[in-house]
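Please consult the sequence and the model shown here while reading.

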Amino acid sequence: MRIVLDVWRQRSPREAGRFLRYEVPDLSEHMSFLEMLDVLNVRLVERGEEPVAFDSDCREGICGTCGFLVNGEAHGPLMNATICQTHLRHFRDGEVLRLEPWRAAAFPVRRDLVVDRSALDRIIAAGGYVSIRTGSAPEANALLVPKPEADRAMEAAACIGCGACVAVCPNASAALFTGAKISHLGLLPQGQPERARRVLTMGAQAAEEGFGHCTSIGECAAACPASIDLEVIARMNRDFLRAALSRREREPISTLSRSSLREPTAEP
Amino acid sequence: MEARPSIPTAFAPSHPRLDARIPSGPLPQKWERRRFEMKLVNPANKRKYTVIVVGTGLAGAAAAASLGELGYRVLSFCYQDSPRRAHSIAAQGGINAAKNYPNDGDSVERLFYDTVKGGDFRSREANVYRLAQLSVNIIDQCTAQGVPFAREYGGTLSNRSFGGALVSRTFYARGQTGQQLLLGAYQALMRQAAEGQVLLHPRTEMLELVVVEGRARGIVARDLVTGTISSHAADAVVLCTGGYGNLFYLSTNARGCNATAIWRAYRQGALFANPCYTQIHPTCIPRSGDYQSKLTLMSESLRNDGRVWVPKEKGDGRSPQEIPEGDRDYYLERMYPTYGNLAPRDIASRAAKLVCDQGRGVGPGGLGVYLDFSDAFERLGRKVLDERYGNLFEMYERITGDDPHRVPMRIYPAVHYTMGGLWVDYDLMSTIPGLFVAGEANFSDHGANRLGASALMQGLADGYFIVPYTVGDYLARGGLGRVDPSQGPFRDAEAVVAARLRRLLEVRGTRPVEVFHRALGNLLWNDCGMARSRGSLTQALAEIPRLRDEFWRDLRLVGTGEELNQDLERAGRVADYYELAELMCLDALEREESCGGHFRVEHQTEEGEALRHDDRFTHVAAWEWRGPGEKPVRHEEPLVFEAVPLQARSYK
C-alpha cells in the first residue's frame with residue numbers, strides 16, 4: 001500500500017518549522033506506523049536527505065517514548081494504543097496523513113517530531129513518590145490493601161508518561177498525568193502520610209512548568225493510550241481542596257526550576 | 001588501596017584481577033560476613049564522593065537512588081529522554097521472591113537451587129545464594145514504595161507460577177510488573193534529584209570510560225540533543241546499561257538498547273564473561289515481514305494457563321479450530337511431563353525450533369507454534385483469564401489482528417536477554433578497580449540460562465542492596481586522589497570519542513545504518529542463534545569482519561555531529577556490535593559443550609538435550625581485549641558446586 005505523509009520538519013528549537021510532503025509507496029499493511037517511518041528514513045538517507053527525527057524505544061506501547069499527532073489525533077486513530085502499536089491496516093491505501101509533534105508551551109520542540117517532556121519528570125520530582133529509604137521497609141504482608149483499592153491504584157499507575165493528554169488538551173493541561181500519580185499513591189495506605197503535601201507540591205509544579213488548568217473537557221482521557229480514567233482528576237481536585245483547607249504549615253510551596261535536576265547544558 | 005581478605009583459591013588465575021573474592025564460611029553466612037568486613041565511609045564525608053551511575057533501569061535507578069539516600073553525590077546518565085523509560089519498563093510477567101506466602105514449600109534454599117539448576121550449573125553459587133536471600137527484601141521495599149502488586153481479596157500479596165519452578169513465587173502487577181517496579185525506583189530517584197543528591201543527565205550517552213592510574217574515574221558522554229561531548233569525573237563508576245540482545249537486530253529489546261558502555265569498558269581492560277550466553281525467549285509474536293523493527297514478547301506467565309501445540313502431521317493446512325484433539329501434539333507436555341508448559345525458556349525454545357524444523361510449524365513460513373487458551377477459558381472463564389492476562393491479549397490482538405479469545409496465539413522464539421556481560425567479583429566490581437557493573441550488564445547470577453521473573457529480582461538486588469554497600473567499601477579503602485575532568489586522560493578520551501564520531505560521519509558511502517545492522521543481525525541469528533555449530537561459527541567469524549569493512553567503507557550518514565542525529569547514534573552502536581559479535585562467536589566456538597541457552601549441535605544427547613562437559617567447562621570464560629586486530633585472550637574462573645552437586649538437568 002501507499003501512504004502520503006505531511007511531516008512537520010524543524011531542524012532545531014530556534015529555527016522555524018514547516019510541513020513537507022513525502023510519498024511512501026510499497027508498504028505492507030502489517031507494518032507498524034513507526035516501521036513505515038523507518039522505511040521512509042532509509043529511503044531519505046539513500047537519497048542524501050535528512051531523515052525524520054522521531055522518538056521511540058520499546059515499540060510495544062509501554063515506555064511512553066513515542067508519540068506525535070496524526071491528523072490532529074494523539075497517537076493516531078486507534079483507541080487506547082500508542083503510535084508504535086498502530087499498524088497500517090487501520091489506514092486506507094493512498095491516505096494522506098499529517099504528522100506533527102506534541103504542541104504545548106511546556107513541551108518545546110527539539111527537532112521534527114521530537115519534543116522535550118522533562119517538565120513531566122519535574123512534576124514527579126516535586127512529590128510523586130513515597131519517601132521510603134532503601135532498607136527501611138516493613139514486611140510486605142504486614143500492610144493489607146483491599147483488592148478493589150489495589151486494582152484501582154494499578155489502573156492509575158498504568159500511566160506511561162507519554163504526554164498525549166497534554167497534547168490534545170485545549171489548555172495544554174497535565175491534569176490527567178498528575179492526577180494519575182496522585183490517585184495511584186493516594187489510593188494506597190503507603191501514600192497516606194504525604195498525601196496532602198504531595199497534591200500541593202505537584203500541582204504547584206505543574207503550574208510552574210506552564211501547563212494549563214483543567215476545565216474538564218475530557219479530551220485527555222479519550223486520547224490516553226493507557227486508558228487512564230478522567231476520575232483521577234476528580235480525585236486530585238478533591239485531595240487538593242482538602243489539603244488546601246487543612247494545611248497547617250503556612251510557608252509557601254516551593255517549586256523546582258527548569259534546570260534544577262541537571263547541570264545546564266550549553267546550547268550551541 | 002587496602003586489600004580486603006578473601007579465601008585463598010586453589011588455582012592461580014591467569015589474569016591478576018580474576019579473583020571472585022568470595023567470602024569464606026557457609027553459603028547462608030557469606031553475605032552477612034562480607035557486610036561486616038566492609039569499611040564504612042564517615043557519614044559526614046559521603047558528600048565528598050561522586051559516583052557515576054550509567055543507565056536508569058531497575059539496577060541503575062535503584063543504585064542511584066540508594067547511593068543518593070546514603071549521601072553520596074550521584075551523577076545519573078541515560079540515553080532516553082527520561083529515566084523512567086529504561087527498558088526494564090517492558091518486563092511483563094513478574095519478579096521472583098522466596099517469601100513462601102502460598103505455603104507451597106518455597107524457601108531461600110529452593111530459589112537458590114532452582115536458579116543454579118536453571119542456569120545449567122554455570123553460575124556462581126555464592127552470588128546466587130545472596131540473590132535468593134535478598135529477594136524477600138525487594139518485595140518489602142517495592143511494596144513500601146507503593147508498587148501496586150496484585151493482591152488477594154484478604155488484602156495480602158498474590159503469587160503466580162513461572163517457568164523452571166514448581167512453586168508459586170512470582171509477584172506481579174498485571175502484565176506490567178517491570179513498569180511498576182521501575183516507576184517505584186524512578187520515583188525514588190526523582191526524590192533524590194529534587195533534593196540535589198542526584199544530578200540527572202537524560203538524553204546523554206556514555207561513549208568512553210576514563211581510567212586514571214588503573215582505576216575507573218569517569219566517563220565521556222555525548223549530549224544527544226546538542227551533540228556536545230563532555231567529561232564527568234567521579235570516584236567510582238557503576239554501569240547498569242543492560243544487555244546486548246540488539247546485536248541480533250531483531251530482539252525483544254528496545255530500539256535504543258545497546259552495548260556501547262560495556263564494550264568501551266571492555267576495551268579499557270574490563271574482562272567480558274561468557275559472551276555466548278544469550279537467551280532466546282520461547283513466547284514471542286512471530287515476525288511478519290522484512291521491515292520488522294523489533295519482536296514483541298508475550299509473557300511467559302501465559303504458559304501457566306496456555307497450552308503449547310503443533311499439528312501431529314507435517315504440512316497440516318487446517319485452521320487450528322478444525323484440528324481435532326487427537327491430531328494435536330502438545331509437545332512440551334509430552335516431552336517434559338513434570339514441568340510441561342512451564343519448562344524453562346531454553347528448553348521450550350529449542351523444542352519449538354525442533355517441531356518447526358520437522359515441518360510442523362504453523363503460520364507464514366512454518367515458523368510458529370500455537371499457544372492455546374481454549375481449555376483455560378472453559379475451566380476458568382473469560383473473566384478470570386482477562387484479569388490475569390487481559391493486557392497481553394489486547395497487545396497480541398493489536399499487533400496481529402487476531403483475537404486470542406477466538407483463535408490460539410501463534411508464537412515463536414526470539415532473542416530476549418543476555419546472561420553474559422562484564423565479569424564482576426562478589427562485590428559486583430569488574431577487573432577495573434572502581435568500575436562496578438550491575439543488572440543485565442554483568443554476567444553474575446544466571447549462568448547459561450535465566451529463569452523467568454529473575455531479571456527483575458537481580459536488577460533490584462544489585463541496585464538496592466549490593467552496590468550501595470560495595471561501592472562504599474571501595475571508597476572507604478581510600479587511595480583516591482583528585483582528578484580533573486578538564487585535563488589529561490579526560491581530554492584524551494574526548495579526543496578519541498570525537499575522532500570516532502567524525503570517522504563515522506566521513507565515510508560518506510551509500511547505505512544507511514539500518515541496512516548494516518539488519519545484515520549483521522540476520523547473520524548472527526542464523527549462525528549463532530538457537531543452534532550453533534563449529535561450521536556456522538567459523539563461517540560467522542569469517543563473515544563479520546567482511547561486513548564490518550563494508551560498514552566502514554559504505555555507511556551513509558546525513559547531517560552533523562553537532563545536533564540531534566539519531567542515525568549517528570545508531571551507527572556508533574552498530575560499530576561496536578561488529579566487535580562484540582565477533583567475541584560472541586569466538587566464545588561460542590571455544591565452549592565445546594551445550595549448556596542452557598548455548599546449544600552446540602555437536603554436543604547433544606540422543607534425545608536432543610543439551611550435553612554439558614563438566615570436566616572441561618565448569619568455568620566462566622572471561623575475555624581480555626588485546627587491541628584492535630589482536631585475538632582476545634580467554635581466561636577461566638573455575639566454578640565450584642558444593643551445595644548443589646553437578647547433575648544433568650532434567651525437567652522430565
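How many bridges join strand β2 (residues 73-77) of chain B to β5(B)? Four bridges join these two strands, which run parallel. The model is predicted, so local features need pLDDT of at least 70 and side-chain atom pairs count only at pLDDT 80 or more, while totals for chains, interfaces and linings use all residues. Residues are numbered from 1 along each chain as its sequence is written, and chains are lettered from A and ligands numbered from 1 in the order in which they are written.

**The sheet of chain B**

Helices (H or I, at least four residues) and strands (E, at least two) are DSSP runs, numbered from the N terminus; two strands pair if DSSP finds at least two bridges between them. In chain B, five strands form an open sheet in the order β5-β2-β1-β9-β17, with parallel pairing. At its edges stand β5 (198-201) and β17 (435-437) of chain B, each with a single partner strand, so one side of each lacks a neighbour in the sheet. Leu75(B) stands opposite Leu199(B) in β5(B).

Helix α2 (residues 58-70) of chain B packs on this sheet and touches β1 (50-54), β2, β5 and β9 (236-239) of chain B. Contact here requires C-beta atoms, placed from the backbone, within 7 Å. The angles below run from 0 to 180 degrees between N-to-C directions, and axes are lines fitted to C-alpha atoms, for helices over the stretch in contact.

| Pair | Angle | Axis distance |
|---|---|---|
| α2(B) and α5(B) (residues 177-194) | roughly 30° | within 8 Å |

The contact of α2(B) with α5(B) involves residues including Leu58(B) and Ala61(B) of α2(B), and Leu181(B) and Leu182(B) of α5(B).

**Helix α3 of chain B**

A residue is buried if 20 or more other C-beta atoms, placed from the backbone, lie within 10 Å of its own. Eight of the 11 residues of helix α3 (residues 108-118) of chain B are buried, so this helix is largely enclosed by the rest of the structure. Among them are Val108(B), Leu111(B) and Phe112(B). The buried residues pack against β3 (95-96) and α4 (125-145) of chain B. Just after α3(B), Asp120(B) takes a positive phi of about 55°.

**Chain A**

Chain A has eight helices and seven strands. Of its 268 residues, 51% count as buried. Its C-alpha atoms fill a box of roughly 65 × 45 × 40 Å, taken along the principal axes.

Technical notes
Buried ≥ 20, exposed ≤ 12 C-beta atoms within 10 Å, placed from the backbone. Contact = placed C-beta atoms within 7 Å.
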